[in-house]
Amino acid sequence: MYPWAYWPLIALALTAAGAGLLTDRASLQTPGGHARRSGGPGLIGALTVVAVVVALQLVPMPLTALRALNPNAIGLLQRLDPAFVFNPRAHALSVWPADTAIALVLFVSFAALLLGTVRLMAVAGAGLLVEMLIVSGVVLALIGIVQKPLYTGKIYGFWITQQGGSPFGPFVNRNHFAGWMLMVFPIALGYLFAGLARGMRGVRPGLRNRFLWLSSPDANKLAMAAMGIGVMALALVLTMSRSGIGALALSLAITGWFALRRLPGRPRKVMAGGYLVLLAALLVGWVGVETLVARFSQPDWSEFNGRRSAWSDATAVFGRHWLTGTGLNTYQVVNVFYQPAGRENFTSAAHNDYVQLAAEGGLLLILPVAACMLLLTREVRRRFAEDGESSAYWLRAGAVTGLLAIALQETVEFSLQIPGNAALFAVVCAIAIHKPPARSAAR
């Protein structure tokens, strides 16, 4: 909504990426002298192919070639630019190249951020980064919680949004606030369970010894993390975002599965399971069962609260431009002409990023993006196999849970079209595939 905000974010992302990618190579050596990779070569190659494909959407080509690759593009260009009718000329595959160029710059900066963050964590580990994400999440949650009862139409008390919306915290759309929290909340849970698994290793058996451990500095640190997690979860539920609450429930279930499967010893599993159940009960009790039931009873589920028509529109756009798409980040322009007449409101997003990506990129972009997803999954599985019982396992489990949660929300929302959320997504992907530092590098 505010294009001027893209560029500082891009600059910061590239600066952070550079800090990681330019890390001293000597710090990336394993004890055996082998270099530690900053990401699988296959994933790096797939990200590069995606960037190249988007760049190809910006290359002007003769009308004969354009008509052969995307026959419906000519008619759309004539409607977008009446001068094109009288003066046909070479044009890019993207029907609105300026917006596609912005998307390309954002993608390249966030892909670099992902790779730079992976490399930096190979030296410094993921612990400090995760702690700062938790602190940021708590601050963001408190802003949203405090602002909710005091909201007078101004974000932060002074910022008036250009197009209305349903703000929560600093986000113009409460669903997008929920999307941000969905990525950080599970990582915070992973951090908590990593501390729980590590902190009780030296505790002798017996109830008294366990109670004494609860007064230790490590236990106090975990208690603060547990409270911060509660604050973030409460803020997410207070958004009343149905997609956010549903994905939050999924996060709790997946995290509980990880805890029951990998936490050593029955006491730890009982503590973890009890905390998750207590957290869920407190959230429901605070908001109220009646309020939640009423919220989920409001929409017309046969139409998914109006989203079904948006999905149908985007599917129709894909059908018209199935090979090359209309150009990344052009749906809000294209749907001005393609949305059926008679609708009360204009839909600038498909409310399903998978369908919208297909409409904007066609098979040309779908295939390399699918390759990225498969290669990311392969890298995660490899790292899980290497983790053993280390703390990195729990941080990775939290990151994977966050990715699954936002993947679920993206079926009905478009949170990752918000550049701030996309930057966080890159960092969460980095945590999911990072390699912990070698012992020599850690020292």
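## Close-up views of a predicted model

Figure 1. P299 is found in the loop that joins α13 (289–297) to α14. The model shown here and in the views below is predicted. P299 counts as buried because its relative accessible area is 10%, under the 20% cut-off. Setting aside residues up to four places away in sequence, P299 touches R242 and N305. Along the chain, P299 and R242 are 57 residues apart, while their C-alpha atoms lie 9.9 Å apart in space.

**Figure 2. T255 within helix α11.** T255 belongs to helix α11, which covers residues 242–262. Is T255 buried or exposed? T255 counts as buried, because its relative accessibility is 6% and the limit for buried is under 20%. Its contacts, leaving aside neighbours within four places in sequence, are L189, F193, L276 and T401.

**Figure 3. Y354 in helix α16.** Helix α16 (residues 353–387) contains Y354. With a relative accessible area of 41%, Y354 is partly exposed, since that class lies between the 20% and 50% limits. Which residues does Y354 contact, apart from neighbours within four places in sequence? They are A407, E410 and T411. A separation of 9.9 Å is found between the C-alpha atoms of Y354 and A314, which are 40 residues apart along the chain.

**Figure 4. The largest nonpolar core and I431.** This core, the largest of its kind in the model, has 101 residues. I229 and I431 are the residues with the most contacts inside it. Helix α8 (residues 174–199) supplies the largest share of this core, 17 residues. Not counting residues up to four places away in sequence, I431 touches M121, L129, V130 and L133, as well as I187, L395, R396 and A399.

Figure 5. Where is L323 placed? L323 sits in the loop between α14 (307–320) and α15 (331–338). L323 counts as partly exposed because its relative accessibility is 30%, a value between the 20% and 50% limits.

**Figure 6. The protein chain as a whole, for orientation.** The protein chain has 19 helices and two strands. Its radius of gyration is 24 Å, close to the 22 Å that the globule rule gives for 443 residues, so the chain is as compact as a globular protein of that length. Taken along the principal axes, the box filled by the C-alpha atoms is roughly 85 × 60 × 40 Å. Of the 443 residues in the chain, 50% are buried. Among contacts with a separation of 6 or more, 79% are between residues 24 or more positions apart. The accessible surface of the chain comes to about 20900 Å², and carbon and sulfur atoms account for 67% of that surface.

Conventions. Residues are numbered from 1 along each chain as its sequence is written. This is a predicted model: local features need pLDDT of at least 70, side-chain atom pairs count only at pLDDT 80 or more; totals for chains, interfaces and linings use all residues. Side-chain values use heavy atoms; hydrogens and water are left out. A nonpolar core is a set of buried Ala, Val, Leu, Ile, Met, Phe, Trp, Tyr and Cys residues joined through side-chain atoms within 4.5 Å. Buried means under 20% relative accessible area, exposed over 50%, partly exposed in between (1.4 Å probe, protein chains only). Helices (H or I, at least four residues) and strands (E, at least two) are DSSP runs, numbered from the N terminus. Contact means heavy atoms within 4.5 Å. The radius of gyration is taken over C-alpha atoms; the globule rule is 2.2 Å times the number of residues to the power 0.38. Accessible areas come from the Shrake-Rupley method with a 1.4 Å probe; for residues, only the protein chains shown count as cover.
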